[in-house]
Amino acid sequence: MSRDRDRDRDRDRDRADALDAADPLAPFRDRFLPAPGVVAYLDGNSLGRPPAVTAERLDAFVREEWAGRLIRGWTEPEAEGGWMRWPERVGDRIAAAALGAGPGSTVLADSTTVLLYKLVRAAVDLDASRREIVLDTDNFPTDRYVAEGIAAERGARLRWIETDPAAGITAGQVAAAVGPDTALVLLSHVAYRSGWIADAAAITAIAHDAGALVLWDLSHSVGSVELELDAWGVDLAVGCTYKYLNGGPGSPAFAYVRPGLHDRIRQPVQGWMGRHDPFEMGPGYTPAAGIRGIVSGTPPILAAVPLLAGLEMLEEAGIGAVRAKSRALTAYALDLVDAWLPGVELVSPRDPERRGGHLTIRRAGFRDVLDALWERGVIPDYREPDGIRIGLAPLSTSFREVHDGLEVLRELAGV
Ligand SMILES: *Cc1c(COP(=O)(O)O)cnc(C)c1O
């Protein structure tokens with residue numbers, strides 16, 4: 001009996017090792033700083049691991065760029081526009097590597113929450129005859145709270161779509177909710193709990209047919225699934241850079257605005273850095289042309305340094321290969337859950353087309369299991385009620401790590 005079990009165990013491990021051996025992205029994992037005592041990091045979708053070069057880049061930036069250039073850094077080197085142009089330059093790199101968007105449509109600034117505020121406000125103010133924001137009950141809390149605040153502030157209404165927490169928003173639900181009053185459809189592309197991938201192309205078209213704008217929160221998509229913002233005709237988007245882009249805790253967010261809207265929308269936080277000529281320091285505010293108008297205050301340069309190291313890795317790997325590995329990792333994790341954890345409920349899509357980079361599994365009592373997992377060096381996330389969320393960042397996660405983490409869960413869950 002126990003010999004059989006040992007044989008099964010060896011076979012399972014060999015399978016994980018074989019998947020790693022065949023994985024073209026496997027070498028990227030060694031480029032991250034080690035995490036002592038961590039057996040399996042299953043939360044790279046909440047806070048990505050640091051690339052090893054990040055520590056060196058930060059050190060070099062402080063010594064050479066900050067100390068060496070001092071205030072001249074804002075404008076030098078002149079050809080690149082200095083730090084002053086980082087919002088647009090880093091934005092262009094995110095757009096090219098991860099968003100399927102051309103240059104001049106994306107900026108790095110603020111946090112996702114603040115950018116949501118700016119863009120939702122701008123969308124609601126665009127057409128005074130449209131007073132409704134369509135959103136869903138399972139959207140990320142900050143999105144819901146920001147929308148509630150703006151509705152109160154601007155006399156707008158919220159039209160809530162009830163979504164299935166094990167799946168997510170569908171095109172049919174959106175079609176039934178939009179109408180002549182809709183100013184904006186505000187949704188997450190990949191649901192933060194279930195990992196459901198919304199049909200962004202279809203839903204964007206539905207919003208447009210109703211004369212509304214659409215804003216996609218890409219926080220759980222960017223650097224994990226392929227995006228085609230330009231081709232889908234997306235109006236507005238925001239997202240985090242500290243998740244799959246490995247920008248570090250609290251790294252700045254990005255905003256995308258379709259170029260056709262640049263002259264039409266006006267964001268509410270009129271700061272000097274989004275003015276057409278900040279250094280004129282004159283009276284009155286005229287927004288800068290293009291995407292720069294989304295910027296409000298001094299760009300977060302130091303906080304953007306680690307993101308560049310994360311972006312380089314994504315540029316090198318390519319989002320297509322990242323998505324392919326992401327699918328393989330979630331499929332593998334799902335196999336193990338099915339085989340090892342009977343009675344555990346999957347609250348994520350089984351269909352790989354609709355499944356992003358993470359899975360949530362649920363069983364009564366998982367809250368207590370989570371603490372024990374963390375003690376054993378297995379770090380997933382927890383989502384009420386009773387959900388363990390397994391996030392599998394393709395560049396930093398191996399199949400063996402998934403195996404080892406779920407093996408501990410199997411043991412602790414007592415099955
Ligand atoms: C992580 C996340 C955020 C976080 O916003 P912050 O302003 O960085 O705290 C917002 N939206 C979604 C969908 C997220 O997953």
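Is Arg85 buried, partly exposed or exposed, and what is the relative accessible area behind that label? I looked this up and found Arg85 partly exposed, because its relative accessible area is 35% (buried means under 20%, exposed over 50% and partly exposed in between, with a 1.4 Å probe and protein chains only).

Before going on, I note that this is a predicted model, in which local features need pLDDT of at least 70 and side-chain atom pairs count only at pLDDT 80 or more, while totals for chains, interfaces and linings use all residues. Residues are numbered from 1 along each chain as its sequence is written, and side-chain values use heavy atoms, with hydrogens and water left out.

**Salt bridges**

I searched the whole structure and found 37 salt bridges (a side-chain nitrogen of Lys or Arg within 4 Å of a carboxyl oxygen of Asp or Glu). One of them joins Arg85 to Glu88, at 2.3 Å from N to O, and Glu88 counts as buried because its relative accessibility is 12%. I also noted that Asp43, Asp381, Arg383 and Arg389 are joined into one network by salt bridges that share partners.

Next I looked at Glu401, whose salt bridge with Arg29 has its closest N and O atoms 3.0 Å apart. This pair links distant parts of the chain, 372 residues apart, with Glu401 in helix 12 (residues 399-412) and Arg29 in the loop between helix 1 (2-21) and strand 1 (40-41); helices (H or I, at least four residues) and strands (E, at least two) are DSSP runs numbered from the N terminus. Glu401 is buried at 4% relative accessible area, whereas Arg29 is partly exposed at 28%.

I then checked Arg11 and Asp12, which form a salt bridge with the closest N and O atoms 3.6 Å apart. Arg11 is exposed, with a relative accessible area of 53%, whereas Asp12 is buried, with 16%.

**His262**

I found His262 in the loop between strand 8 (253-257) and helix 9 (301-317), and it counts as buried because its relative accessibility is 16%. The side chain of His262 reaches the backbone oxygen of Val257 at 2.8 Å. Leaving aside residues up to four places away in sequence, I listed Gly104, Ser105, Val257, Gly290 and Ile291 as the residues that His262 touches (contact means heavy atoms within 4.5 Å).

**Trp66**

Finally I looked up Trp66, which lies in helix 2 (residues 52-69) and is partly exposed, because its relative accessible area is 45%.

Note on methods: A polar contact is a pair of N or O atoms within 3.5 Å; within protein, one must be able to donate a hydrogen and the other to accept it, and residues adjacent in sequence count only if both atoms are side-chain atoms.
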